[in-house]
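Opening the notebook on this one.

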Amino acid sequence: MDSQAPIRPEATGHAWQWSGPCTLVAVREASTGARGFLAALGLPEAELAAWELILTEAGNNCVIHSVGDVPRQSWQLRLLFAPDRVIAKIHDGNEGFDWPEDPQLPDDDAESGRGIFLIHTLTDFRKQEHHPGGNILTLERRHTPAAPAEDLEATLDAMTEELASCYESLSAIFRFTAEARRTTNLEDFAASLLHHLGTITASDRGMLRVVSQNKLITLATDGCEAPPACPVDESPMPLEAAAVGSRQDQWIEASDADPGALSGLVHPFYHDDELMGVLSLGRHDSAQPFNAGEVNVVHTFSEFLAQQMLSRRHEEESIRSSLARREFELAAAIQQSLLPPPMPDIAGVSVTGHCESALSIGGDFYDLIPCGINGYFFVIADVMGKGVAASMIAAVTRSTVRAFSHLYQYPARLLERVALQMHDDLDKLEIFVTIAVGIVDVPEGVIRVANAGHCPVVICQPGGTFTEVSPERPPIGLETNPVFTEYEIPIQLGMRILGYTDGLVDPRNQRPSFETQSDVADWFAAASASGSSISSLKSALLETLGHSTDPNTLADDQTFLLISFD
C-alpha cells in the first residue's frame, strides 16, 4: 500500500474502503467517493448529504490534529452498509483527542468545535478508541429502509408539509426578532410573542404569566381573560401548577378543565434554575397535539422572553446602582464639606484632625470652631452604624451642637441641651451618638471637657504624664434628660490633647490598630514626650494605623483630633 498517494476505492458488496494522505484534498476525494458508493445502494439524497458532511468534518479533524511529517501521515476510511444504518470506521495515526460526551455549538467567533458538534448532531452513535498505532473513530447513522412505491407519494406530501411548517416558523422567528429590537415595553413584547406563537402553532388562545416578587402575574393574554396574581406555588390552574411543580411541559387535552381546548401546551421556562414564567397555548379547532417543531418554537420564543426580562432587570439594577452610587457620592461630598478647613494657630494653640470612613461615608466626625482670639471649641463624635443613615445623623448632631454656641464656655450644659433636643428622634430610630466636647479657653488658661459615652480624651502633660477624660454618662439618645460632669484642666506649655473614635481600636480592621484604649493613651504619651510638632504627631499616628487610600481595609470609621500648646 503506497502511503504517498490515495488508493483508489473499490466497493466490495456492501463494504467500501479508502486510504490516503492526511490532506484536505484527499479528504474531499474520500467524502465524494463515499457519497457515490452510498448513492449506488439507493440511499436518499438527505442521507447522502448528511454522510458527505459527516465524513468531511471527520477527515478535516484528522488533518487538523496530524503531527510530525504530514506527507507520511495517512488515514483510512471503511464504510459498512446495512438496510437500516451505515457504519463508518476512521483510522488515523495522530495523537488523537477525547471525544466530548455532549458537545455544544461554539460561539460565533470561536475558531473550532463546530465540526465535532455537527458530527455529534448528525450521527446516532459515536465511539473514539485510542490504540498504540493510532485512533479508531466509529460513527453510525440510522436510516429508514426504502419505502414501497405506493408509500412514496404520502411520504413526499408529509415532508413537503413539514418543510412548509418549518419555513413559516423560521419566518415568524425572524419577524419577531426584528420587532423585538424595536420594542421597549415588556408588555408589548409579550403580546407580540403570543401573537406570533399563535400564528405558528394555529393556537387561538394564549397566556403569558411571569414571576414578580414570588408571584405569578399575567403579562399578556390572547383570546382569554387574565387570572388574578397568585403565589408561585399556589396557582389555581391545575396544569400551570403541575408545570411549575414538575418543571416540565404539560399537555392540554379535551378532557382538561377548559372543555373548549382540544389540544395545547403549558410550558414553564427558567434561567439558571430560576423560574421566569409560564407560557400557555391552546387550540380549539384541532385535537392534534403539538409536534416536535412547534414545541421547539415555543421553547425558543420563551428563551427570547427570558433574555428580554433579564436584560430589563439588569438595566433597572444598573439604574438603581447608578442612583445609589450618586447618592453615596453626594453624601460623601456633604460629609467632607462639614469637616472644618485647616485652622490657623490662635494664641499658640495648634489644631488638626483626620476622618476616614469605612464605606466612603460614615458616622464619625470632628469639628473645630474658633472662639474669637481666645481659643477653640472642639467636638469629636461617633454615630452608631455606618453609611448614609449614620452620615445624616452626624450632620444633624453637628448642626445641633452649633445651634447652642452660646453654651460653648460650658461643655457639660451644652451636652445636656443637645441630648434633650435629639433624644426623641434618636429613640425612634434606635440610634445613639457618643460625643466628647470641650473648650480651649486661653485667657483663663484652662480646658473644660465633657464626655457622653465616647472614648477617653487623652491630655498629655509635658514630660509624658497624661490624664484621660473618660465618659461617666451614656451616649446621647439613651436618656431623656442626662446630667454630665465637666472636667477642667489647666493649660501648660507643651501640652497635647488627643480625641479619637473607637475605629482606632477595632480588631476587625485589616490594617494595624491599637488593641485597647490604654494602648492609645500610652502611645500618645510616648509620642508627645518627644516634643514633636502637631503635624509630626498626625503623620506618626497615621503611619501607626497603616493609613491607606483603600477604605475596604477598614471595618469601622477612624477619626481623631489633635490639639497642642506651644
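How much space lies in the largest cavity? I get about 130 Å³. For the record, a cavity here is a set of points on a 1 Å grid over the protein atoms alone where a 1.4 Å probe fits but cannot get out. Grid points are joined across faces, edges and corners, and the volume is the space filled by probe spheres set on the points. I find one cavity of 30 Å³ or more in the structure.

Ground rules before going on. I'm working on a predicted model, where local features need pLDDT of at least 70, side-chain atom pairs count only at pLDDT 80 or more, and totals for chains, interfaces and linings use all residues. Residues are numbered from 1 along each chain as its sequence is written, and side-chain values use heavy atoms, with hydrogens and water left out.

**Cavity lining**
I looked up the lining next (residues with an atom within 4 Å of a point). There are 13 lining residues, and the closest to the centre of the largest cavity are Asn61, Cys62, Asp92, Phe97 and Gln128. Helix H2 (45–64), strand S4 (85–92) and strand S6 (134–142) each give two or more residues to that lining. H2 gives the most, with three residues.

**Whole chain**
I count 11 helices and 22 strands; these are DSSP runs numbered from the N terminus, helices being H or I with at least four residues and strands E with at least two. The chain has 566 residues, and 44% of them are buried, meaning under 20% relative accessible area with a 1.4 Å probe, protein chains only. Of the contacts (heavy atoms within 4.5 Å) with a separation of 6 or more, 63% are between residues 24 or more positions apart.

**Ala26**
I picked Ala26, which sits in helix H1 (residues 24–40). Ala26 counts as buried because its relative accessibility is 5%. Leaving aside neighbours within four places in sequence, I see Ala26 in contact with Trp18 and Pro21. Asn60 is 34 residues away from Ala26 in sequence and 9.8 Å away in space, C-alpha to C-alpha.

**Strand S11**
Why call S11 (residues 263–271) largely enclosed by the rest of the structure? Eight of its nine residues are buried, so that is the reason. I then checked its partners (two strands pair if DSSP finds at least two bridges between them). S11 pairs antiparallel with strand S10 (residues 250–253) over four bridges, and Ser263 in S11 is the bridge partner of Glu253. With strand S12 (residues 274–283), S11 runs antiparallel over nine bridges. Tyr270 stands opposite Leu275 in S12. The S11 and S12 hairpin has two residues between the strands, and Asp272 there takes a positive phi near 50°.

**Five-stranded sheet**
Last stop: an open sheet with antiparallel pairing, order S13-S22-S21-S18-S19. Its edge strands are S13 (349–356) and S19 (466–469), each pairing on one side only. Neighbouring strands here are turned by 15° against each other on average, direction ignored. For axes I use lines fitted to C-alpha atoms, for helices over the stretch in contact, with angles from 0 to 180 degrees between N-to-C directions. Helix H10 (residues 517–529) packs on the sheet, touching S18, S19, S21 and S22, and its direction makes about 150° with that of S21. Helix H11 (residues 534–544) also packs on the sheet, touching S13, S21 and S22, at about 155° to the direction of S22.

Notes:
Buried < 20%, exposed > 50% of the residue type's maximum accessible area, 1.4 Å probe, protein only. 1 Å grid on protein atoms, 1.4 Å probe; cavity = no way out; pocket = protein on both sides within 12 Å on 5 of 7 lines; lining within 4 Å.
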